[in-house]
Amino acid sequence: MSTRDESRHEIRREGVAVSSGIGIGRAYLVGRDTLNTPKHHISDDECEDEVARLRRAIATADKQLATIKKKLASENDYHIISAHQLMLHDEHLADAAESFIRTDKICAEWALRRAADAVRVVFEAIEDEYFRERKSDIDFVCERVLRVLLGRDVGPINPNPDAVVVAYDLSPADTAQLHKSAIAGLLTDAGGRTSHTAIIARAHEIPAVVGLEDASELIETDDLIIVDGTSGVVIINPTPATVSVYRELQRKEAADDAALLSNRTLPATTKDGVAVNLFANIDGPDEVDASLAYGARGVGLTRTEYLFMTAGSMPSEEDHYQSAADIIARMGGLPVTLRTFDLGSDKLSRFLDASLEEANPALGLRSIRMCLSDMGMPEFRKQLRGLLRATSHGNTRLMFPMISGVEELRAAKAVLASVKAELAAEGIAFDPAVKVGIMVEMPAAVLVADQLARECDFFSIGTNDLIQYTMAVDRVNELVSYLYEPLHPAILRLIKMTADAARAGGIPVTLCGEMAGDPMLAPVLLGLGLTDLSMSGVAIPEVKSIVRQLAMRDLRALGDRVLGLASAVDVRQAVVDELARLGVQWS
């Protein structure tokens with residue numbers, strides 16, 4: 001602690017805790033250089049030049065966001081940045097600003113600010129918190145264009161390692177480029193639990209507190225900061241005694257994590273000897289080492305669309321082959337499941353000449369439907385060639401997403417057979433007996449699971465989409481997100497039906513949605529008959545700890561009991577009571 005720290009008083013602020021963990025570091029202030037918007041009138045002759053200048057600035061801002069998007073691995077971050085790109089061209093912002101230039105004869109900066117202010121007023125009048133917070137998106141988009149107009153730097157922020165990033169608010173584009181390994185914490189004056197900053201901080205496991213109101217005014221660059229993302233407390237210039245307390249809490253957190261990690265080489269076996277397989281969900285080769293470090297016994301889901309989302313151009317057959325072969329090699333003989341690309345027209349069309357406007361992409365031409373369409377077929381065949389070539393390197397399975405019934409499965413398998421024949425004719429090596437399975441992620445597939453089980457080698461239950469399609473709910477829509485309930489009796493019954501159909505058909509079944517990685521939900525899944533779970537690698541140690549404290553006979557009884565309950569609340573309480581009765585420790 002420096003003399004400068006000792007000369008300042010400790011200040012405590014309490015905000016909204018949005019991402020757990022404790023971060024201690026030096027303040028790195030972002031965005032304090034507030035932009036002053038030039039305001040001057042122009043002549044009639046200057047109007048079109050000013051409109052052209054605004055359009056060029058918007059186009060430049062669009063390219064900047066596209067560049068940021070290419071570097072993102074998270075699908076959620078990708079969607080947020082895409083939304084900002086759409087907002088750039090929205091008639092209420094861009095067209096309105098052009099109109100102000102022509103009708104009121106004002107400069108582009110002033111016109112843009114007036115257009116943004118008008119849009120913000122509409123958002124501020126909305127009572128719903130989630131939509132009201134979207135007004136900050138207008139500010140982020142407006143500021144990005146203004147910086148281009150003014151020639152101000154809009155490059156990435158580059159905090160020192162272990163810094164605590166402090167801002168009035170951070171744009172999604174800035175937040176998405178921050179990672180746990182690069183900073184100690186994050187705090188903002190604005191925002192709430194549903195703000196983009198909060199969503200991205202949780203996804204990146206960065207301790208974060210938002211809604212602090214005036215913290216960025218109090219804090220100076222290099223101030224020592226403690227961020228408690230669990231309680232929402234932020235401490236500015238903490239005393240040595242306070243630092244000592246929080247260092248101890250940090251050590252305890254690290255010790256708890258280490259204790260969980262210490263079981264990485266132990267089997268995930270229940271107390272009565274039933275083996276449970278815990279696999280990792282990954283996007284690409286870079287995540288393999290971390291997954292193995294957390295104790296993954298294989299890859300249960302490879303989201304191969306990662307290549308499409310991070311590449312500047314359409315991935316080639318060689319790209320697909322190299323990525324898959326790299327994953328298989330790094331797993332050292334452990335099983336790897338490769339899912340063919342799960343993309344909609346909204347993402348794929350940016351690479352293609354064709355474009356498709358869909359009112360509801362989630363129910364439209366996406367996933368296997370896109371693969372089997374004229375638009376997606378060339379890319380599907382190209383990917384299958386690359387993935388099949390990779391199967392020659394080890395223990396690999398191929399999986400088709402979003403299968404709705406037997407005809408769709410047969411169509412996909414026919415394309416696979418055609419590609420196999422093509423490779424065989426060319427003398428290219430691949431595993432001709434590679435196992436082929438499907439994602440069961442819609443009620444239609446569950447209802448015909450007995451038929452599907454006869455025509456594929458394995459099932460994988462995708463609970464994220466299964467819940468969405470069963471409950472008819474968009475989980476990122478805060479108006480209805482309360483309906484996104486994994487423990488709803490309908491979801492549990494669909495999972496049970498799928499597991500039973502797989503067992504009757506003599507094929508294995510894995511569950512690879514977010515449910516698998518929730519230590520409180522894992523006992524329910526095991527009780528419903530699942531013994532293969534695939535999750536984010538970081539969740540494996542805690543789920544394994546739970547598995548090792550339980551006996552399958554108790555879990556089966558729990559599974560039978562929850563299937564007869566009427567509501568998710570009842571199910572959750574039953575699980576809590578059972579874990580308490582058994583003395584199981586979980587967080």
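I looked up the handedness of the crossing between helices H21 and H22 and recorded it as right-handed; a crossing counts as right-handed if the near helix is turned clockwise from the far one by less than a right angle, and as left-handed if anticlockwise. Helices are DSSP runs of H or I with at least four residues, numbered from the N terminus. I note that this is a predicted model, in which local features need pLDDT of at least 70, side-chain atom pairs count only at pLDDT 80 or more, and totals for chains, interfaces and linings use all residues. Residues are numbered from 1 along each chain as its sequence is written, and side-chain values use heavy atoms, with hydrogens and water left out.

I then looked up the angle. The axes of H21 (residues 463-471) and H22 (residues 489-505) come within 10 Å and cross at roughly 125°. Axes are lines fitted to C-alpha atoms, for helices over the stretch in contact, with angles from 0 to 180 degrees between N-to-C directions. H21 is therefore oblique to H22, since angles under 35 degrees are roughly parallel, over 145 roughly antiparallel, 65 to 115 roughly perpendicular and the rest oblique.

Next I took up Thr-463, which lies in H21. Thr-463 is buried, with a relative accessible area of 0% (buried means under 20%, exposed over 50%, partly exposed in between, with a 1.4 Å probe and protein chains only). Beyond its neighbours within four places in sequence, Thr-463 is in contact (heavy atoms within 4.5 Å) with residues including Tyr-484, Ile-495 and Met-515.

Lastly, I searched the whole structure for disulfides and found zero; a disulfide is a pair of cysteine sulfur atoms within 2.5 Å.

Conventions: Helices (H or I, at least four residues) and strands (E, at least two) are DSSP runs, numbered from the N terminus.
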